[in-house]
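Here are some exercises to work through with the model open beside you. Try each task before you read its solution.

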Amino acid sequence: MYTTRRSDQISERSYLKIMAYRELELTLLSARDLKNVNLITRMDVYAVVTISGDPLTRQCTAPDPYGGRHPCWNATLRFAVPPTPAAAAGACLHVLLRAERVLGDRDVGEVVVPLADLLAAAPSTASGPQPPQLASYQVRKVHRWEPRGVLNVAYRLGPVVAPVEPPVMAYPVSVPQQQPSHPAAQAYPPPAPRPAANHAAEHGAARSPPPTSGKSNGRGPAGPSQIS
């Protein structure tokens, strides 16, 4: 298993920063005069919303089973978008309308709105919640300019959230020495000497040989005889 070294983790934490952003609160209200892509049955239309088609930002509404060509959702979605029109250059809000069907869903039309236009119309120094702004956009055939109806939305932008830099963790420069797996042997003082009486009692006192007489004991020559 691949493991990241501690030095690499410190480097990533040092340079990791969260970009500044604003929250876009988008409410899909309704649509009208949509082209009917079903031959017989009524359309159950739902919306798929992304930021520039990024699948990580994909959010959907529930289909309207009663609206047909004039669906109504009143669904609110929230996205993180760049804070200024310059930072949002080239990015767009993409709304894809689809009809739910048993044999496979089918595209009805799409709406593409540049994020720079939404940011330019919103105050940049807003403090506190702002009232939503209403807007209507032409629904067109996917990748075509053919009109397919009108989409009604409401949106508002939150205040700019400043970038946050995480604190850098401090680690010691020197590596501590590795502790031995077993504790070192401790030196103990030598035992105190025991009294002679006790030592003799334990091991037996040294006895002097018995005095010898002039008589032989039958096992060896007799000791020296006394000369008168």
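**Exercise 1: the cavity lining**

The largest share of the lining of the largest cavity, 3 residues, comes from β8. This is a predicted model in which local features need pLDDT of at least 70 and side-chain atom pairs pLDDT 80 or more, while totals for chains, interfaces and linings use all residues. Residues are numbered from 1 along each chain as its sequence is written, and side-chain values use heavy atoms, without hydrogens and water.

Task: Which elements give two or more residues to the lining of the largest cavity?

Solution. Start with the terms: a cavity is a set of points on a 1 Å grid over the protein atoms alone where a 1.4 Å probe fits but cannot get out, and lining residues have an atom within 4 Å of a point. Strands are DSSP runs (E, at least two residues), numbered from the N terminus. Next, list the lining: Leu26, Leu93, Val95, Val111, Val113, Leu118, Tyr137, Leu151, Val153 and Tyr155. The elements are then β5 (92-99), β6 (106-114) and β8 (147-157).

**Exercise 2: threonine 61**

Task: Is threonine 61 buried or exposed?

Solution. First find threonine 61 in the loop between β3 (59-60) and β4 (72-81). Then apply the cut-offs: buried is under 20% relative accessible area, exposed over 50%, partly exposed in between, with a 1.4 Å probe and protein chains only. Threonine 61 is buried because its relative accessibility is 7%. Finally, look at its side chain: a polar atom there lies 3.0 Å from the backbone nitrogen of alanine 47.

Technical notes: On a 1 Å grid over the protein atoms alone, a cavity is a set of points where a 1.4 Å probe fits but cannot get out, and a pocket is an open set with protein on both sides within 12 Å along at least five of seven lines; lining residues have an atom within 4 Å of a point. Helices (H or I, at least four residues) and strands (E, at least two) are DSSP runs, numbered from the N terminus. A polar contact is a pair of N or O atoms within 3.5 Å; within protein, one must be able to donate a hydrogen and the other to accept it, and residues adjacent in sequence count only if both atoms are side-chain atoms.
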